[in-house]
Amino acid sequence: MELLRGALRTYAWGSRTAIAEFTGRPVPAAHPEAELWFGAHPGDPAWLETPEGEVSLLTALTDDPEGQLGPASRARFGNTLPFLVKVLAADEPLSLQAHPSAAQALEGFAREERLGIPVNSPVRNYRDTSHKPELLVALAPFEALAGFRQASRTTELLRALNVSDLDPFIDLLNDQSDADGLRALFTTWITAPQPDLDVLVPAVIDGAIQYISSGATEFAAEVKTLLELGERYPGDAGVLAALLLNRITLAPCEAIFLPAGNLHTYLRGFAVEVMANSDNVLRGGLTPKHVDVPELLRVLDFTPTAEAQLRPLIRRDGLERIYDTPTAEFALALLVLDTDHLGHEVDAASSHDGPQILLCTEGALTVHGKSGSLTLERGAAAWVGADDGPIRLSAQRPAKLFRATVGL
C-alpha cells in the first residue's frame, strides 16, 4: 500500500482553482488543470510514492502482476489494470463526444494501425483497444448534456424557440420513429455545409434570446446552455446538436453512467470519474481538437434515453454507498465515516480480492492494510495491491473515501 500521485492533465477547458485547492496547492494554478489521472494508462500513469522514491504504477504492475493485481483480475484482464480513476474539473464545456463499444474499439484500433497513423497523432481516434464506459460522481454541483432526449420533448423545445427555419427539421424528427428521427436530424445538422450553418445557427440563437427575454421558464436551462455554446462556438453544428440532449444537473454524490455510444458533453463542475482503462474518444464538435463525424455516426446510439436511465442505482452496504453499473472493468463505492465511526478502526473489507485505488475527498482518515498504515487527507490517493487487502479505516473526524475496484 502506497500513496499515489496522480498525473495532472492541463486542457483549456480546465480550472485554475478546483484541482489545486483539492490537492492543497497554491491557487490559482499557472495553467487550467482539467484532469488528475490515478491509474496505469500507458499515456499517463500515476506514481507510487515508495521509500526508494517514486515508481510508475505501470512499472509496478509489470514487475509484480500477481501481487499487485491478484489472480482473479489477471485471469479476466491479463497483466493490466482494467480501470482508470480521474478527478475532473471543468470551467468550460468539453467537446461533444461519444465512446466506442468493445468491438468497435478493437476494429477501429486495428484499422488505424493498418493505416499507419501514430498512436499519439492528433488525428488518431483509437489510442487503445478498449471500450470506455464511464461513471461520473459529482463532488460539487455538476452540469452536463447526455443521452438523446425523447423526440416528443425535443419537438416541444424546438417549437418553443419559434424559429421558422427549424420547421423542416421538426418535420424530419416527427415523420419516423424516435431513434430514426433523431438519427436523421442529428446527421443532417452535423454534416451540414458551413454556409447553411452560418444561417441556421444565428437564427436559432436569436430565437433563444427571444425565449429568455419573454420570461418563459420551461426550457430555460436548455436555452441558456444553447446561448453559452453559441457564444463560445459560433457556427458550430454541435450547438444545434446540444438541443437534442438531456440537460442534467447533479448534486454532490449524485452520478451518471455513460455506456458506449452515448453522446454527451460535460458543461461545468468538479467530479470523480471511473472508467475502463481507455482514452478512445470520438468527437463531433464544440472543440478545436480532431473531429471525425463519420466515425462518430458509426458508434452513436440514437435510442432516446431518459435522464433517470443514466443515473445508476446507489445501494448501501455497511460503510459503502455502491454505484451499480453493468461494467466488468470497474466498480465504485463511496465510504462514509460519520460520527458513529470515529475514534476506532472499522472494517472496510470489500467483496473484491483485487487491486484498489482509494481517494479521500473530505476530511482525513488512516488506512490499515497488511503491509502497514498510511493517512489520507482530502485530495490524496492510495494504491492498495491485491496482496495488501483487506483494509480497515480509522478517523478522528468525519471523512469520505471513494474506492475503485475491479467489477464483479
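**Exercise 1. Find which strand gives the most to the lining of the largest pocket, then describe that pocket.**

*Solution.* Strand β12 contributes the most to this lining, with three residues. Strands here are DSSP runs (E, at least two residues), helices are DSSP runs too (H or I, at least four residues), and both are numbered from the N terminus. Before going on, note that this is a predicted model, in which local features need pLDDT of at least 70, side-chain atom pairs count only at pLDDT 80 or more, and totals for chains, interfaces and linings use all residues. Residues are numbered from 1 along each chain as its sequence is written, and side-chain values use heavy atoms, with hydrogens and water left out.

Step 1: β3 (35–38), β6 (83–90) and β12 (264–276) each supply at least two lining residues of the largest pocket.

Step 2: The lining of the largest pocket consists of 32 residues, and Y11, W13, S95, R283 and K289 lie nearest its centre. A pocket is an open set of points on a 1 Å grid over the protein atoms alone, where a 1.4 Å probe fits, with protein on both sides within 12 Å along at least five of seven lines; lining residues have an atom within 4 Å of a point.

Step 3: The volume of the largest pocket is about 620 Å³, counted as the space filled by probe spheres set on the points, which are joined across faces, edges and corners.

Step 4: Sorted by class, the lining has 13 nonpolar, seven polar and 12 charged residues. Ala, Val, Leu, Ile, Met, Phe, Trp, Tyr, Cys and Pro count as nonpolar, Asp, Glu, Lys and Arg as charged, and the others, Gly among them, as polar.

**Exercise 2. Work out how helices α6 and α7 pack.**

*Solution.* Step 1: α6 (residues 167–174) and α7 (residues 178–190) meet at an angle of about 145°, and their axes are 7 Å apart. The axes are lines fitted to C-alpha atoms, for helices over the stretch in contact, and angles run from 0 to 180 degrees between N-to-C directions.

Step 1: From α6 come F169, L172 and L173, and from α7 come G181, L182, A184, L185, T188 and W189.

Step 2: This contact has seven nonpolar, two polar and no charged residues.

**Exercise 3. Compare the backbone and accessibility of N162 and L286.**

*Solution.* Step 1: N162 has a phi near 55°, a positive value in a residue other than glycine, and L286, also not a glycine, has a positive phi of about 60°.

Step 1: N162 is in the loop between α5 (151–160) and α6, while L286 is in the loop between β13 and α11 (293–299).

Step 2: N162 counts as exposed, at 70% relative accessibility, whereas L286 is buried, with a relative accessible area of 1%.

Technical notes:
Contact = heavy atoms within 4.5 Å. Buried < 20%, exposed > 50% of the residue type's maximum accessible area, 1.4 Å probe, protein only.
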